[in-house]
Amino acid sequence: MTTRNENRASRKPTKMKLMSPQAFRQAPWRVQIQYVGVFMLALVSILVIAGIYLSISGQAAAAGLASYANDQKRQDLERQIADRKARLALMTSANVMEARAKELGFERIDPANAVYIEMPGYTGKFAAVLAPPPGISTTVEPVIKSTYRQSLWDWLFRGINQLSASVGGSNP
Amino acid sequence: MKKRAFSNGHWVALFLTIFMVLIFVQMIRIQTSGHAQKLETWAEKYGYEVRTIQSERGYIYDRWGHLLAGNKEVYEVGVELRYVRNPTAIATALASITGADFNTVLGLASTPYVEGQSVYITLADFVDASQIDAISKLKQEYETSNRFGEDPKLPTLRGLVWSPHLQRVYPENSLASNVIGFFPYRDRENARGFFGVEEKYNDLLAGTKQKVMVALDPYVEQEIPSAPPGASLVLTIDREIQAATEEILDNAVKKNEAVSGTIIVENPRNGEILAMASTPRMNLNEYWTYSDVFTSGTTYNKAIGQVYEPGSVFKVITMASALDLGVVKPDTQFVDTGTINVGGINIFNWDRGAWGEQTMVGCMQHSLNVCLSWVATQMGATDFYKYLEKFNIGHRTNIDLTGEEVFPLSTPGDPTWYPVNLGTNSFGQGVAVTPIQMVQAASAIANDGKMMAPHVLKAYIQNGQQYNTNPTVVGVPITSDTAHTLTEMLATSLEDEASTALVEGYRVAGKTGTAEIAINGQYSSNATNASFVGWGPVDDPQFLVYVWLEKPKSSIWGSVVAAPVFSEEVKQLVVLMNIPPDALRKSISGQ
């Protein structure tokens with residue numbers, strides 16, 4: 001048979017053990033700081049992710065604009081190249097060259113008075129070769145790197161997959 | 001002391017929280033409001049622009065890489081009506097700098113802006129870069145004195161814009177215009193090549209034209225397809241030879257008061273056309289003068305597009321056929337009595353004379369119609385026309401130029417054929433050909449019996465690679481021995497008569513031709529086609545020249561007007577082609 005006090009004594013530690021592992025309650029300001037900390041951690045995490053998104057989006061936009069500008073520049077350059085070729089051809093056309101030759105004091109000779117002189121090693125003119133023959137590839141196809149095609153999540157999952165593959169090995 | 005329920009920190013936190021919530025609510029509202037949906041619709045509508053990607057038209061080069069057709073940069077000038085402040089200033093500037101009509105420009109620039117309808121108007125096109133520089137400078141000056149065009153009393157060019165594009169240009173103007181053709185660049189949407197290689201190879205030159213939706217949102221990943229330029233062409237034409245040939249032709253037409261003229265220079269070994277000149281010609285940069293230059297149906301390129309009775313130059317085909325068939329030999333004797341009856345019709349010589357006993361060399365030298373008619377009768381109609389078929393007479397050469405014509409050859413059995421045709425056809429009357437057909441046929445004689453396909457395309461460049469064309473043998477109508485024998489006969493006949501076609505230092509073979517022209521069904525002795533076909537050097541032919549002068553007035557005879565033109569052409573050719581005189585060439589090659 002147990003006494004009332006004995007019953008109290010035997011219950012008390014059991015109750016305390018159930019209610020809290022600590023002997024004292026956390027001070028209110030500590031609890032607040034913990035809440036604020038957790039909130040701030042979540043906030044910072046969101047801000048970091050948002051920041052990364054903003055950064056990548058900014059870079060993507062800049063790259064897109066640069067691509068657009070480069071395309072415009074390429075078209076401008078192609079037009080300028082065509083224009084320069086035409087100007088050069090105008091300046092070296094048969095009539096212009098003959099006129100220039102006359103200005104410089106040259107005269108056209110009678111072909112009957114032309115003297116053929118053999119030049120050892122001279123094999124004459126060669127027909128125009130303005131591009132390599134077929135079979136030699138000279139064009140470079142424009143390629144957008146996969147880095148610029150994947151989203152943050154793609155990048156994250158790809159990294160995780162690679163990591164898991166490197167740890168667990170790849171499937172046969 | 002009573003503790004406060006809300007400290008200052010709490011108030012600040014509450015304020016910030018409410019503030020953040022408001023921001024969040026505003027974000028949601030912006031994204032979902034009716035205005036946002038309107039914006040989204042606009043974005044879908046204006047987020048893309050339809051861009052026409054037009055390939056640059058391919059270039060045309062001569063055989064050495066000289067540009068014959070290219071593209072230059074010009075500008076389209078227009079107004080964005082929304083920003084126009086002073087139409088009068090715009091009209092004044094354009095009229096003074098580009099020569100545009102003041103009232104027209106003023107009327108266009110004064111058009112009221114209507115969103116979605118009247119936004120942009122073109123004021124002038126194909127404006128040179130120098131003129132654009134002047135406009136740009138003026139616009140900047142006005143902008144300095146009248147920023148944003150706010151002062152209506154001061155001039156401003158706000159709203160005036162320009163954009164560059166390419167325009168077809170022909171640096172050599174009219175050189176080889178009959179071969180090149182032209183591209184009517186002013187019709188920017190639907191232009192295509194006309195005549196010559198511009199039309200023949202229009203699809204190659206034009207490349208591709210495509211319309212693509214281009215996103216204006218830089219976040220949208222999109223590779224803007226680049227339109228590869230049209231293929232460029234390398235012609236067999238030699239610019240220097242072409243220029244010399246055109247000059248010789250123009251002088252010959254003028255000197256002999258001919259209606260028109262044609263000269264073709266070909267390499268008989270491979271069929272490459274080195275020069276093809278014909279009158280009239282036009283400045284390709286002013287293609288709109290076409291109807292003024294080519295009046296009343298004048299053929300654009302008579303070398304391929306006009307058939308005519310060639311006359312005695314056709315005798316080389318008759319003699320080649322007879323020699324090849326073995327009916328005659330160079331020393332076969334023929335007694336010319338001055339007339340021969342074929343199919344019931346009497347045929348006479350060009351001078352109505354009788355030349356007595358002649359060898360075949362003499363027949364060719366004196367160009368005796370009676371003799372050649374006799375040769376044809378010795379062959380018989382079946383074999384004679386079989387050989388003409390072999391020489392491709394009556395068929396197109398299929399030269400790679402637009403506008404080739406052909407006159408069908410009447411053969412036994414055709415309703416238009418009569419027995420006398422055997423006689424008249426033998427000396428080039430009653431049969432019609434184009435100069436290029438004669439060149440193709442003669443190339444067989446100059447090239448060991450192998451008849452080459454005439455062509456002007458040497459190579460084309462597509463996707464950065466050059467594809468060379470290969471010479472094509474279209475037939476072997478006669479043997480190599482026959483070709484050499486006839487060439488020797490023709491060279492001897494020219495030498496024996498001291499022809500004006502001869503060139504000192506170079507042995508050439510050839511034949512004159514004088515064909516009467518039928519007017520109202522009757523042959524006129526006053527109107528003739530004077531021709532000459534020749535090639536050389538005889539032992540190693542490197543050029544074949546065909547000359548045709550239409551209705552010369554100085555003399556009706558081919559030997560008088562066409563043979564000297566051949567000689568003059570060859571004198572230029574041997575220099576431009578670096579062909580040494582025969583003696584030197586043989587000593588170099590150790591013969």
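The following legends describe close-up views of a predicted model.

**Figure 1. Overall extent of chain B.** Chain B contains 21 helices and 20 strands. Its radius of gyration is 36 Å, well over the 25 Å that the globule rule gives for 591 residues, so chain B is more spread out than a compact globule. Along the principal axes, the C-alpha atoms of chain B fill a box of roughly 155 × 55 × 55 Å. Of the 591 residues in chain B, 47% are buried. When contacts in chain B between residues at least 6 apart in sequence are considered, 72% join residues at least 24 apart.

**Figure 2. The largest nonpolar core and the surroundings of Val508(B).** The largest nonpolar core comprises 139 residues, of which Leu233(B), Val316(B), Ala442(B), Val508(B) and Val547(B) touch the most other members. Helix H17 of chain B (residues 435-446) supplies the largest share of this core, with eight residues. Another core, of 22 residues, lies apart from it and includes Ala93(B), Leu123(B), Val127(B) and Tyr142(B). Beyond its neighbours within four places in sequence, Val508(B) is in contact with Ala491(B) and Leu494(B), with Ala501(B), Leu502(B) and Val503(B), with Gly534(B), Trp535(B), Gly536(B) and Val538(B), and with Val570(B).

**Figure 3. The buried face of helix H15 of chain B.** Helix H15 spans residues 381-390 of chain B, and its buried residues are Phe384(B), Tyr385(B), Tyr387(B) and Leu388(B). These buried residues fall within an arc of 155° when seen down the axis of H15(B), so they line one face of the helix. An α-helix has 3.6 residues a turn, so residues three or four places apart point the same way. After H15(B) comes Asn392(B), which has a positive phi near 70°.

Figure 4. Strands S11 (residues 339-342) and S12 (residues 345-348) of chain B run antiparallel and are joined by four bridges. Thr339(B) stands opposite Phe348(B) in S12(B). Two residues lie between the strands of this hairpin, in which Gly343(B) adopts a positive phi near 65°. Val420(B), located in helix H16 of chain B, is in contact with Val342(B), Gly343(B), Gly344(B) and Ile345(B), leaving aside its neighbours within four places in sequence. Val420(B) counts as partly exposed because it has 17 C-beta neighbours inside 10 Å, whereas a buried residue needs 20 or more. A separation of 81 Å lies between the C-alpha atoms of Val420(B) and Asp217(B), which are 203 residues apart along the chain.

**Figure 5. The hairpin of strands S18 and S19 of chain B.** Eleven bridges pair strand S18 (residues 509-519) with strand S19 (residues 522-536) of chain B in the antiparallel sense. Thr512(B) stands opposite Phe532(B) in S19(B). The hairpin formed by S18(B) and S19(B) has two residues between the strands, and Asn520(B) in the turn has a positive phi of about 55°.

**Figure 6. The contact between chains A and B.** Chain A contributes 38 residues to the contact and chain B contributes 40 residues. On the side of chain A that touches chain B, helix H2 (residues 28-91) of chain A gives the most, with 16 residues. This side of chain A consists of 23 nonpolar, seven polar and eight charged residues.

Key:
Residues are numbered from 1 along each chain as its sequence is written. Chains are lettered from A and ligands numbered from 1 in the order in which they are written. This is a predicted model: local features need pLDDT of at least 70, side-chain atom pairs count only at pLDDT 80 or more; totals for chains, interfaces and linings use all residues. A nonpolar core is a set of buried Ala, Val, Leu, Ile, Met, Phe, Trp, Tyr and Cys residues joined through C-beta atoms within 7 Å. A residue is buried if 20 or more other C-beta atoms lie within 10 Å of its own, exposed if 12 or fewer, and partly exposed in between; C-beta atoms are placed from the backbone. Two residues are in contact if their C-beta atoms, placed from the backbone, lie within 7 Å. The arc is that of the directions from the helix axis to the C-beta atoms. Ala, Val, Leu, Ile, Met, Phe, Trp, Tyr, Cys and Pro count as nonpolar, Asp, Glu, Lys and Arg as charged, and the others, Gly among them, as polar. Two strands pair if DSSP finds at least two bridges between them. The radius of gyration is taken over C-alpha atoms; the globule rule is 2.2 Å times the number of residues to the power 0.38.
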